[in-house]
Amino acid sequence: MQELKKEVQAEIAGKKGSVYTLQFDDLKAWLQEAGEPSFRADQIFYWLYDKRVEQFDEMTNLSKALRERLSSTFSITPLKEVAKQESVDGTVKLLFELEDGNTIETVVMKHGYGNSVCVTSQVGCRLGCTFCASTLGGLKRNLEAGEITAQVLASQRALDEKGERVSSVVVMGIGEPFDNYKELIGFLKVINHDKGLNIGARHITVSTSGVVPKIYDFADEKLQINFAVSLHAPTTEIRSRLMPVNRAWPLDKLMESIKYYQETTNRRVTFEYGLFGGVNDQVEHAKQLAELIKGLKCHVNLIPVNHVPERDYVRTKREDIFAFEKTLKEAGVNVTIRREQGHDIDAACGQLRANEGKKK
Ligand code: SF4
């Protein structure tokens with residue numbers, strides 16, 4: 001008989017884990033152990049991800065005994081919505097309370113092509129980027145795969161009311177996804193599974209701040225998922241100032257790992273580059289950046305960073321943004337300036353959570 005995965009064994013041993021953490025094959029294995037036919041896994045995934053029920057009792061084509069067994073073994077992760085902000089441009093920022101009282105943010109953005117959901121992967125973050133509001137309280141804990149999936153489901157439920165769908169998912173919210181690697185991969189497999197949320201790999205993006213060893217692992221997974229790196233600096237000195245992660249894995253090591261990723265997967269990489277007034281936003285920096293990424297199949301996404309009240313950075317001047325973009329274009333770099341969304345709400349990473357915390 002197929003050996004049950006550790007987490008499934010833990011569930012059986014009494015820990016009530018999230019049913020959304022279970023991958024399709026894990027559920028099949030659990031059902032086999034329970035003496036149930038494997039097609040029940042199809043039925044359960046249908047109820048969870050198509051019908052989006054929130055109680056096992058609503059799975060009416062399962063026997064009462066199986067429903068009871070499911071609910072005594074797993075929970076359908078509840079996310080309690082505790083705050084919601086809606087921007088005039090359609091961006092919706094949601095603050096959820098987890099079962100242990102911690103809070104996390106999820107953002108739903110409206111684009112011409114559909115709705116994208118930006119999920120949180122950790123409660124807080126320990127990487128301490130100096131421009132980030134989520135670092136103020138440090139890392140509290142990793143999210144389980146099911147708690148990340150639950151954010152997409154909660155967003156989809158909100159969109160159900162408007163008859164719309166989640167068309168893409170970005171793992172760019174609070175937390176460093178590669179600092180919670182195993183749960184991240186579990187989450188990606190569930191939302192990508194054709195019996196799960198069935199979100200195409202090419203509509204999923206994972207962004208890292210540069211946890212180099214995990215970039216090698218991620219390359220070796222050979223997933224068709226989009227990959228982004230928060231680069232934010234053209235030199236190791238500037239990067240260390242903005243992102244302490246650069247002291248653990250300096251820029252040259254990061255670039256080596258990105259080259260390995262590209263050689264292994266042949267996929268394009270997106271570089272996120274936040275523009276910070278007077279820090280990394282001058283023409284000389286654009287020239288250094290073009291040199292740094294020369295030869296890579298990539299795209300640069302320039303992000304004029306919102307002012308975060310707790311931090312000292314100022315917004316880049318409009319003319320400097322365009323001069324930066326022009327310099328990159330002249331060097332043959334594929335570049336765009338990110339359209340700002342949610343400007344009238346607490347849109348910077350961690351702001352809603354930080355502000356709600358202050359109110360409390
Ligand atoms: S920007 Fe991302 S990686 Fe950096 S501290 Fe904030 S949440 Fe963590």
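Four of the five residues of β6 are buried, so the strand is largely enclosed by the rest of the structure. A residue is called buried if 20 or more other C-beta atoms lie within 10 Å of its own, exposed if 12 or fewer, and partly exposed in between, with C-beta atoms placed from the backbone. Strands (E, at least two residues) and helices (H or I, at least four residues) are DSSP runs, numbered from the N terminus.

On one side, β6 pairs with β5 in the antiparallel sense over five bridges, where pairing requires that DSSP finds at least two bridges between two strands. A hairpin of two residues joins β5 to β6, and H111 has G114 in β6 as its bridge partner. β6 also pairs with β9, here in the parallel sense and over four bridges. In that pairing, C118 stands opposite V170 in β9.

## Basis of the model

This is a predicted model, in which local features need pLDDT of at least 70 and side-chain atom pairs count only at pLDDT 80 or more, while totals for chains, interfaces and linings use all residues. Residues are numbered from 1 along each chain as its sequence is written.

## The chain as a whole

The chain contains 13 helices and 14 strands. It has 360 residues, of which 41% count as buried. Among contacts in the chain with a separation of 6 or more, 67% are between residues 24 or more positions apart; a contact means that the C-beta atoms of two residues, placed from the backbone, lie within 7 Å.

## The ten-stranded sheet

Ten strands form an open sheet with mixed pairing, in the order β3-β4-β5-β6-β9-β10-β11-β12-β13-β14. The edges are β3 (80–86) and β14 (335–337); each has a single partner strand, so one side of each is left without a neighbour in the sheet. From one strand to the next, the twist averages 20 degrees, with axes taken as lines fitted to C-alpha atoms (for helices, over the stretch in contact) and angles running from 0 to 180 degrees between N-to-C directions.

L302 has I337 in β14 as its bridge partner.

## Helix α5

Helix α5 (residues 145–160) has 16 residues and spans 23 Å from first C-alpha to last, close to the 22 Å expected at 1.5 Å a residue. The expected span is 1.5 Å times one less than the number of residues.

The buried residues of α5 include A145, I148, V152 and L153. The buried residues of this helix pack against β1 (17–18), β4 (92–97), β5 (103–111), β6 (114–118), β9 (166–171) and α6 (181–192).

## The annotated cysteines

In an unreviewed UniProt entry, the annotation "binding site" covers C125, C129 and C132. UniProt positions follow the numbering used here, feature names are shortened, and annotations may be inferred rather than shown by experiment.

C125 lies in the loop between β7 (122–124) and β8 (139–142), and C132 is also placed in the loop between β7 and β8. C125 counts as buried because 26 other C-beta atoms lie within 10 Å. C132 is buried as well, with 24 C-beta neighbours inside 10 Å.

## L251 in helix α10

L251 belongs to helix α10 (residues 251–265). L251 is buried, with 20 other C-beta atoms within 10 Å. Leaving aside residues up to four places away in sequence, L251 touches T236, R239 and N246. The C-alpha atoms of L251 and V212 are separated by 9.8 Å, and the two residues are 39 residues apart along the chain.
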